[in-house]
Amino acid sequence: MKYILFIFIALISCNREMNPGGIEITDAWIREAPPGATVAALYLEVKNNGPQDHILSISSPVSEIAEIHNTEISADGTARMVRLENVPVPTGEGLFFLPGGKHIMLIDLKKELTPGDNHEIILEFKNSGKKSVNAVVKGFSSNGYSSDPDHSMDH
Amino acid sequence: MIIKDKVKIISLILILFLAIVSVMGYLIFQAKNKETFNGFYNERVLSDFSLKDSSGNDVSLSRYKGKIVLLNFGYTSCPDICPTTLGNLRTVYSNLDDKQDDVQVVFISVDPERDKAGKLDEYVKFFNNDFVGLTGTDDQLKVVSDVFNIFYFKEGVDADKDYLMSHPTSIYLIDREGKLILKYPHNTKQEFIVEDLKRLL
């Protein structure tokens, strides 16, 4: 019994170590960039099972600069890009970066974005520190406004 | 005499009745027509305008008379909305099968400073070789923005070239006579646009 409890505690602490602060980044993808484009959008989802945190910065070997932007569309259909800083990640809530909404703008691309390729993205959080995630490049056939880009491919 | 008058009155009533019925029928037909489109019905005669194509030639809207035009605005340094919309239009276009020749997709860049003709052309052709990218001088674009009643402006100019543009996101459907008839929000499902096009073609 003691032995099982020990394994159990070991497993929990191991899990903690792998996931300090309870931040989880999923569904990261970059939209393929047309030729000549110097920018691309990165989309992902951040889940926070720990205390409230903030995204301080994002970086990637793909581009010189990575900024968080929000596409705000007014009633007449005009889109404005608003730069967001120190973006809060509330406890228990998902923070979604999706087409037509919040997105990470990769500025001054350094690498060609070929569909299927994976690129490392580093997000720095105020409390949880740096987190790395792999973002897959998706082609325009996997387009759409579905909350799940993987499933929008089937439609 | 009395009988003749009666016939006259009856035929007058009949004519009036027929007129009312046909007007009502026409109105109902019109209303039904408008309602059954997926896009927002926005019928408006557009005055002609001209912009420049990849070779620097003037291209006017009237050039595409006889085709249905799907038109949208943006710029090539746009990371989110523009590639999403053009990607969607690519899917729409590929679903038209043998009707592709009757539809022209036009992307108007509101950022002529950075979107020189060659760059714009390469960008647009990436989505589909049949798509056309147009831009123009500030004066030409001013005319276009008045025609469509739209706004665009530079955002956060930090001395360097990395500025963003605010721009319209709607997709405009222009009929074969060059009249604007439908407007779609940028996130309209591709199949809805295809459905409307198939009705119109």
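Q: Before we start, what does "in contact" mean here?
A: Two residues are in contact if their C-beta atoms, placed from the backbone, lie within 7 Å. With that in hand: among contacts in chain A between residues at least 6 apart in sequence, 71% join residues at least 24 apart.

Q: And what sort of model is this?
A: It's a predicted model, where local features need pLDDT of at least 70, side-chain atom pairs count only at pLDDT 80 or more, and totals for chains, interfaces and linings use all residues. Residues are numbered from 1 along each chain as its sequence is written, while chains are lettered from A and ligands numbered from 1 in the order in which they are written.

Q: How many helices and strands does chain A have?
A: Chain A has 2 helices and 10 strands. Those are DSSP runs numbered from the N terminus: helices are H or I with at least four residues, strands E with at least two. Along the sequence the pattern goes α-β-β-β-β-β-β-β-β-β-β-α.

Q: Switching topic: how many residues of chain A are in contact with chain B?
A: 24 residues of chain A, and they meet 28 residues of chain B.

Q: Which element gives the most to that side of chain A?
A: β5(A), with 4 residues.

Q: What kinds of residues make up that side?
A: There are 14 nonpolar, 8 polar and 2 charged. Ala, Val, Leu, Ile, Met, Phe, Trp, Tyr, Cys and Pro count as nonpolar, Asp, Glu, Lys and Arg as charged, and the others, Gly among them, as polar.
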